[in-house]
Amino acid sequence: MKRVVIVGAGVVGLFCAVRLARAGARVTLVEAEIQDLSVYAPGASAAAAGMLAPLDHAPSPHSKLAFQSLDLWRSLQAGAEWADGVRFDGGILVAANEADAQAVQAHARALGRAVSPLSPSQFRRRTGFDAKLDHALLVEDEGVADPLRVMSGLYMQARALGVALAYRHDASEIAPNQVATFEGGIYEADLVVLAPGAWATDALKAAAPALCHVSPAKGHLAPVRLPPEFGANLRAPGFYLARRREDCVLGATLEPGVRGGGVKPERVAELFAAAEALLPGAVVPAGRAWTGIRPMSPDGWPMVGDGGAGVLIAAGHSRNGWLLAPLTAEIISAYVFAQPIAPEWEALSPARFGAP
Ligand SMILES: Cc1cc2nc3c(=O)[nH]c(=O)nc-3n(C[C@H](O)[C@H](O)[C@H](O)COP(=O)(O)OP(=O)(O)OC[C@H]3O[C@@H](n4cnc5c(N)ncnc54)[C@H](O)[C@@H]3O)c2cc1C
């Protein structure tokens with residue numbers, strides 16, 4: 001039986017743990033923090049909006065992977081402990097202008113995905129917003145995960161599959177076949193997977209130099225009240241809105257290179273101003289804002305594979321870690337069990353950025 005130690009219990013580490021345990025590996029998941037299922041936890045995953053929105057404005061060589069991951073979410077949902085934390089109600093994308101709307105539709109068509117223009121009355125029915133928008137598009141293949149609900153479900157799923165969960169164990173030394181923690185734990189493995197988000201220390205970077213390519217980007221989110229009719233995500237220039245299982249959120253700022261500093265009222269005000277400009281009077285604050293730190297890669301797509309010294313990494317998920325976590329787990333499983341790596345998966349290899 002393959003023994004795998006995963007470092008980091010964010011959404012990426014948890015999905016990898018569940019996937020590998022399902023495939024028959026003996027998995028230990030090592031996490032530096034206590035299990036804190038609140039939006040104020042340090043990891044990005046609990047703080048995120050959780051939108052599963054694969055359609056971007058512009059095509060990328062990896063666009064198909066985003067949809068593959070959304071399809072995996074759908075197929076994994078049935079019977080999962082977190083099933084009630086995910087919805088696939090589609091999304092509304094408000095394009096900047098007619099040319100942008102045409103480009104988005106062409107991009108969706110090339111991927112074989114359904115996108116159609118929304119008339120003002122359809123827009124009102126789907127959102128409850130009394131606004132006349134010219135370039136609103138309905139994106140059918142879109143959903144949203146409630147991060148706290150899904151992480152708690154993934155944790156239960158991992159436990160049920162026999163994953164050993166070591167919270168409050170901060171990995172201090174990594175070798176291809178061993179992880180040691182500051183707390184005195186020594187975990188032997190056939191393979192080690194590092195999923196540390198934006199928090200890799202020098203020890204982790206020494207074990208997997210590609211982690212040096214990951215940089216932090218702070219994001220603010222604010223809880224809001226939305227009309228009851230609002231059922232899908234809405235993405236518009238300068239802001240987005242999502243209705244999760246328990247709440248609605250307005251997001252999100254993107255502050256490259258910033259890791260600390262807590263909530264900045266002026267950043268939150270920027271989000272409300274962008275929403276107010278498009279939907280006057282419609283988006284109402286409903287509590288304290290919070291922040292999270294995204295692990296950015298240079299091209300915004302994750303690095304999944306050998307981190308450069310015989311240790312696997314699943315890192316740099318940038319703005320789409322929730323969306324891409326199931327696909328990441330699939331790729332990591334292929335590496336662990338020495339199965340063929342599809343060329344489009346190989347394109348996410350950390351080696352694409354060269355030596356750091
Ligand atoms: C404001 C905001 C909004 C977002 N919205 C979306 C969205 O709508 N859709 C989407 O798909 N994505 C979204 N994201 C991005 C997404 O949240 C991240 O890409 C994803 O959560 C990264 O997951 P992760 O598991 O890699 O990192 P994290 O969640 O940060 O987890 C990494 C974990 O590793 C642990 N760790 C680090 N070093 C060690 C060590 N030495 N020993 C043990 N443990 C260690 C950390 O404590 C941490 O818990 C958003 C992010 C933010 C901040």
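**View 1. Cysteines and the search for disulfides.** A disulfide is a pair of cysteine sulfur atoms within 2.5 Å. In this predicted model, a search of the whole structure turns up zero disulfides. Residues are numbered from 1 along each chain as its sequence is written, and side-chain values use heavy atoms, without hydrogens and water. Because this is a predicted model, local features need pLDDT of at least 70 and side-chain atom pairs count only at pLDDT 80 or more, while totals for chains, interfaces and linings use all residues.

**View 2. Two cysteines, Cys16 and Cys212.** Relative accessible area sorts residues: buried is under 20%, exposed is over 50%, and partly exposed is in between (1.4 Å probe, protein chains only). Cys16 has 0% relative accessibility, so Cys16 counts as buried. Cys212 has 44%, so Cys212 counts as partly exposed.

**View 3. The two domains.** Domain 1 covers 3–48 + 148–214 + 298–353, and domain 2 covers 87–142 + 216–295. These bounds come from an automatic or database domain assignment. The domain centres, taken over C-alpha atoms, lie 29 Å apart.

**View 4. Where domain 1 meets domain 2.** Here 14 residues of domain 1 contact 15 residues of domain 2 (heavy atoms within 4.5 Å). About 1300 Å² is buried between the domains, and carbon and sulfur atoms give 59% of that area. Buried area is the accessible area (1.4 Å probe) that two parts lose on being put together, summed over both. In domain 1, Tyr40, Ala198 and Arg319 lose the most area to domain 2, together 36% of what that side buries.
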